[in-house]
Amino acid sequence: MLESLGRINNRLIRSLTAAATIFSVTTLTAALVIGVTNSKDKSAYSFGIYSSLLGAGCGAVFGLIYTSKPNEKKSISRGNQQTSFSELLDNDTWKDWRNFVIFHKEKESEEITSFYLKPEDNDLIPNFRPGQFLTIKLDIPGQDKPVIRTYSLSDYSENCEYYRLSIKREPAPKDLDVPPGIASNFMHDSIHEGSIIAAKPPTGKFVLDVQKSIPVVLISNGVGITPMISMAKACTRLNPNRPIWFIHGARDGRYHAFVDEVMKVSQQNPNFNVHYRYSRPTPEDQGKYHSVGYVDAALIQQLVGQKAEYFLCGSPGFMESIITGLKELGVPSSQVFFESFSKPLKLSSEQKELNLTANSGVTAAEILFATSGKTLNWKQGDGTILEFAEANGMNPPFSCRAGICGTCMCKISAGTVDYIEEATADIDHDSVLICISQPGSSQIVLDI
């Protein structure tokens, strides 16, 4: 009973369950006692009633305060894979925003700082697949609405008790009159140990299947190293016989994060191969890197030289170069995986219009925004539903604007939509991603 009770994450439901269970047991016990003694005294029946009520009350209190030990590892065998109990938690217990406390903050390099998060309610959290990301919501002074961002989870453990986000401080772009990254700078400057931020459950399709045997090559530059650490740790712990190449590019030692952490992984796994390439090493970096220049397909071919799966994360130019180079080497696209929170293909406005027109013959539509109580007329040229909503004074949540993170997903009660681009995020039944869609029918109803 205790094991089943400990699996109930909601305290109220756990309390009611315990109360109902003990009420049933005490009622049955009292009935048996009265039946065996054949007592017809009213006091016996009163005793039975009060015993049942007392048992229910004690059960409710016990269920309210009982939790399974947080450090107790509970696992269920799933084939040859041991899955931690926290990974099997019913996601219905947490689908929307949940408050997390920053219990540790650590500078990893000149640009990157790690933030360790634990749930404010101290309840269990689900594990994640290596490579997934966390969506967070920040209330930043001066912003008229919460700022939502997605960051890769940069750590991994079988018994998940916290999440770690490692965030690069984004400076203002060179030669552009654009402010520095609002969210990243706020995290670095204003979020400290004890701060509380809201987050949604881990998600994302850029994940490593650790049970495969084919060699895996993890390729990154800059802050792209974050999901690669998660993948490397997961594979080392769950499938240490799988060959891994960890190839990372950095400017120099000051901008190279997690050097010691990756070294510990390599010491634990004889099948873990590391190569660091610095583009502008300093004299102080002597012995910290293996080659000079930029990571490219030629280096990867030289190091790996066999059939493998390739996972990429880094700046857009870096990934485009590697993807092109791997293709020229004859690597099938089915063996190359990557994720970017910017649009992979930059479409001109003319190309967008061609795509939109090709999807359907709808050039005008009536959109009912049910939550906002607005009915507006959309026409060809008004952009995506997200852009149209923003232009009309609404502020739907969003982050990537590329169909990757799923933050903008909302319910659609009537009508259909057409997608400008293929969605990467998982889309719930009767829901749509408004950041990459337009009306696909003359009337649609959205929960916005």
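**Cysteines, a sheet and a helix face**

In this predicted model, the sulfur of C408 has its closest cysteine sulfur in C435, 3.6 Å away, too far for a bond.

Biologist: How many disulfides does a search of the whole structure find?
Modeller: A disulfide needs two cysteine sulfur atoms within 2.5 Å. For the whole structure, the search gives a count of zero.

Biologist: Is C408 buried or exposed?
Modeller: Buried means under 20% relative accessible area. C408 has 6%, so C408 is buried.

Biologist: Which residue in strand 19 is the bridge partner of C410?
Modeller: Strand 17 covers residues 409-414 and runs antiparallel to strand 19. Three bridges join the two. The strand 19 partner of C410 is V432.

Biologist: Which are the edge strands of the open five-stranded sheet?
Modeller: The strand order is 16-15-21-17-19, with mixed pairing. An edge strand here pairs on one side only. That picks out strand 16 (374-379) and strand 19 (431-433).

Biologist: Within what arc do the buried residues of helix 6 fall?
Modeller: Helix 6 spans residues 259-268, and its buried residues are E261, V262, V265 and S266. Seen down the helix axis, they line one face, because they fall within an arc of 140 degrees.

Biologist: Which exposed residues does helix 6 carry on the face turned away from its buried side?
Modeller: The buried residues pack against strand 7, helix 5, strand 10 and strand 11. The face turned away carries exposed D260, K264, Q267 and Q268.

Methods
Residues numbered from 1 in each chain as written. Predicted model: local features only at pLDDT ≥ 70, side-chain atom pairs only at ≥ 80, totals over all residues. Heavy atoms only, no water. Pairing = 2+ DSSP bridges. Helix = DSSP H or I, 4+ residues; strand = E, 2+ residues; numbered from the N terminus. Buried < 20%, exposed > 50% of the residue type's maximum accessible area, 1.4 Å probe, protein only. Arc of directions from axis to C-beta. Contact = heavy atoms within 4.5 Å.
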